Amino acid sequence: MPFSFTTALAELPAWLEQPSVSAAVAISVVFGALFVASIYLVSAIFAAPDASVHDRNHPHVVKQRIRGAAIATAVSLGLSALLLRQWGQKGVVASLGLDPARIAPSVLVATVLTATIYLGPLVLDYLDGGVEWASLRRVPETLWNQPLAMRNFVVGPVTEELVFRSSVVSLWAAAGMSANRSIFLSPLIFGLAHIHHAVSQYRDGRPLKFVLFGTTFQFVYTTLFGWFAVALFVRTKSIAGPICAHAFCNYQGLPDFSRAEGHPQYKYLVWLAFGVGLCGFAVLFEPMTREGVFV
């Protein structure tokens with residue numbers, strides 16, 4: 001029997017028939033739980049004899065988690081599209097940030113802003129020898145042959161942004177949540193979805209204090225990034241920019257200020273780059289994401 005939007009909508013619970021903030025938030029929490037559950041469930045169903053489902057960096061587990069994340073993302077996007085249509089949202093594709101016409105400006109803005117805030121680490125990369133063009137040409141091969149790279153720089157950014165930004169924020173907006181509240185509150189779900197890493201760390205025998213500190217730090221970091229990603233999504237009206245920023249941040253990681261000590265002759269230049277990057281980001285964000293300028 002062919003799929004029918006009408007039939008699917010008719011089967012929705014009554015409390016989901018009309019847009020409401022409570023329904024949008026509840027569904028968002030379900031999306032977050034589904035995302036985490038899927039990566040463990042698929043890993044458990046297709047388990048390898050020599051790897052635990054908690055061994056997140058084992059090649060086999062990485063591949064199964066990629067499949068689980070893809071399934072959760074497809075379900076979340078599908079349900080979001082159904083709900084947006086039920087709630088009378090016009091232009092469901094655009095509401096989800098999937099309008100092809102907005103990809104290029106969103107990517108441009110995200111790349112410039114993210115590179116600006118990482119100006120210090122980029123200067124250090126240059127001083128350390130930079131990235132060779134030959135290695136850049138090998139990127140597709142590297143991604144294909146290394147599951148960790150594929151997860152960190154492609155699948156992770158794409159699936160997480162589609163679920164925690166595209167699906168979640170579009171529902172909150174359709175339910176009447178203000179843009180500012182969405183920017184500051186929706187990343188909490190994104191942050192909470194990363195707490196499951198604490199279980200793996202504790203199972204690996206790490207001290208409880210270390211696990212608690214690391215988990216708290218990761219929650220704060222992912223929430224801070226979430227604010228940036230949601231703001232990009234809301235203001236550029238495209239999920240492409242947040243995906244690009246996510247991949248960029250995953251590649252760079254947290255800034256390592258101690259690297260400046262390895263270049264004493266350029267120490268002041270490096271610290272200046274860190275300062276200029278932070279100030280530049282603060283100055284550039286509003287005008288670059290303003291409607292009618294770049295987006």
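Me: With which residue does R165 form a salt bridge?

Reply: Start with the general idea. Side chains of opposite charge can pair when their charged atoms come close. In this predicted model, R165 pairs with E161, and their closest N and O atoms are 2.7 Å apart. Both sit in helix α9, 4 residues apart, so about one helical turn separates them.

Me: Are R165 and E161 buried or exposed?

Reply: R165 is buried, at 0% relative accessible area. E161 is buried too, with a value of 0%.

Me: How many salt bridges does the structure hold?

Reply: There are 7. One of them joins E286 to R235, with the closest N and O atoms 3.5 Å apart. E286 lies in helix α15 and R235 in helix α13, so this pair ties together parts 51 residues apart in sequence. E286 is partly exposed at 37%, and R235 is partly exposed at 27%.

Me: What about K237 and E291?

Reply: They form a salt bridge, the closest N and O atoms being 3.2 Å apart. E291 is in the segment after α15 and K237 in the loop between α13 and α14, so parts 54 residues apart in sequence are tied together. Shared partners join R102, K237 and E291 into one network.

Me: Now the nonpolar side. Which residues have the most contacts inside the largest core?

Reply: Again, the general idea first. In soluble globular proteins, nonpolar side chains tend to be buried together. Here the largest nonpolar core has 51 residues, and W87, L113, L171, F228 and L232 have the most contacts inside it. Helices giving two or more residues to this core include α5, α13 and α15.

Me: What does F228 touch?

Reply: Leaving out residues up to four places away in sequence, F228 touches L113, T114, A245, F281 and F285.

Definitions and conventions:
Residues numbered from 1 in each chain as written. Predicted model: local features only at pLDDT ≥ 70, side-chain atom pairs only at ≥ 80, totals over all residues. Heavy atoms only, no water. Core = buried A, V, L, I, M, F, W, Y, C linked by side-chain atoms within 4.5 Å. Buried < 20%, exposed > 50% of the residue type's maximum accessible area, 1.4 Å probe, protein only. Contact = heavy atoms within 4.5 Å. Salt bridge = Lys/Arg side-chain N within 4 Å of Asp/Glu carboxyl O.
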